[in-house]
Amino acid sequence: MARMTKNPWRSRTRLVAISILLPAVMWGAAAWLDYRTTTARAREYLLTTTNALAEQANEALQSADLILALMLEHVQGMDWQTITQSHEVHDFLARLASGRPQIQSVFLVDPEGYNSASSRAFPMERFDVRQREYYREAANGNDKPFIAAAFLGRMTGRPGFTVSRPRITHGRFDGVAVV
């Protein structure tokens with residue numbers, strides 16, 4: 001039997017291939033594992049953050065709804081001339097808004113679509129809000145609380161949104177309370 005001689009180039013090629021492929025495979029496996037771990041952590045963080053934000057939003061909406069109920073109860077039985085001219089109504093609204101940095105203002109809109117009383121100023125300058133979502137929704141018969149889209153406040157320049165509820169007197173639309 002004849003003895004075969006080994007090809008030195010073949011052994012070197014294998015050695016070079018192994019020395020390149022093995023680290024590449026190991027690096028790829030480590031990268032995949034790191035990707036999976038990072039993705040799992042990101043999902044957990046996203047879920048935790050989303051739940052916290054949902055809880056915070058729910059609390060804010062409950063607070064807004066309570067403030068709206070207090071506003072409507074306070075002016076129950078008053079006509080709009082009395083509401084507009086009442087320093088006491090303004091003071092009540094100002095107390096509702098004070099100490100709550102998340103609230104920019106609380107105000108009452110008459111059935112014609114003009115701000116009549118506000119936590120910001122007394123007497124309140126007539127300000128036309130007939131084109132605002134919250135007014136249109138209430139005037140069109142939506143008798144449930146309404147959350148408007150986010151906006152930048154004209155007076156403050158701060159981002160915000162309104163929560164409103166219509167005032168119903170004798171079964172008909174009679175203005176809007178807004179936070």
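R126 is exposed, at 55% relative accessible area (exposed is over 50%, buried under 20%, partly exposed in between, with a 1.4 Å probe and protein chains only). That side chain meets D110 in a salt bridge, 3.5 Å from N to O (the cut-off is a Lys or Arg side-chain nitrogen within 4 Å of an Asp or Glu carboxyl oxygen). A quick word on what you're looking at: this is a predicted model, where local features need pLDDT of at least 70, side-chain atom pairs count only at pLDDT 80 or more, and totals for chains, interfaces and linings use all residues. Residues are numbered from 1 along each chain as its sequence is written, and side-chain values use heavy atoms, with hydrogens and water left out.

**Salt bridges**

- The structure holds five salt bridges, and the general idea is that side chains of opposite charge can pair when their charged atoms come close.
- Back to the opening pair: D110 sits in the loop between β1 (107-109) and β2, and R126 in the loop between β2 and α4, so the bridge ties together parts 16 residues apart in sequence.
- D65 pairs with R165, and their closest N and O atoms are 2.5 Å apart.
- That pair links distant parts of the chain, with D65 in helix α1 and R165 in strand β6, 100 residues apart (helices are DSSP runs of H or I with at least four residues, strands are runs of E with at least two, and both are numbered from the N terminus).
- D65 counts as partly exposed because its relative accessibility is 28%.
- D143 and K144 also meet in a salt bridge, at 3.7 Å from N to O, and K144 is exposed at 53% relative accessibility.

- V163 is in strand β6, and with a relative accessible area of 5% it is buried.
- Skipping residues up to four places away in sequence, V163 touches L61, A64, L68, F146, I147, A177, V178 and V179 (contact means heavy atoms within 4.5 Å).
- V163 and D65 are 98 residues apart in sequence, yet their C-alpha atoms are 7.7 Å apart in space.
- S164 lies in β6 too, a strand that covers residues 163-169, and it counts as buried at 2% relative accessibility.
- Neighbours within four places aside, S164 is in contact with L68, Y134, K144, P145, F146, V176, A177 and V178.

- As a rule, most residues other than glycine have a negative phi, and most peptide bonds are trans.
- H170 has a positive phi, near 55 degrees, and isn't a glycine.
- You'll find H170 in the loop between β6 and β7 (172-178), where it counts as exposed at 82% relative accessibility.
- The peptide bond from F122 to P123 is cis, with omega near -10 degrees.
- P123 belongs to the loop between β2 (115-118) and α4 (133-139).

**Pocket and cavity**

- Rolling a probe the size of a water molecule over the atoms shows where empty space is left.
- The largest pocket has a volume of about 1,100 Å³ (on a 1 Å grid over the protein atoms alone, a pocket is an open set of points with protein on both sides within 12 Å along at least five of seven lines, a cavity is a set where a 1.4 Å probe fits but cannot get out, and lining residues have an atom within 4 Å of a point).
- That largest pocket is lined by 40 residues, and the closest to its centre are Q104, S105, F151, F161 and T162.
- Helix α1 gives the largest share of this pocket's lining, eight residues, while α1, β2, α4, β4 (151-152) and β5 (159-160) each supply at least two.
- There is one cavity of 30 Å³ or more, and the largest cavity has a volume of about 40 Å³ (a volume is the space filled by probe spheres set on the grid points, which are joined across faces, edges and corners).
- F122 and P123 are among the residues lining the largest cavity, as are I83, H90 and M124.
- β2 contributes the largest share of the lining of the largest cavity, three residues.
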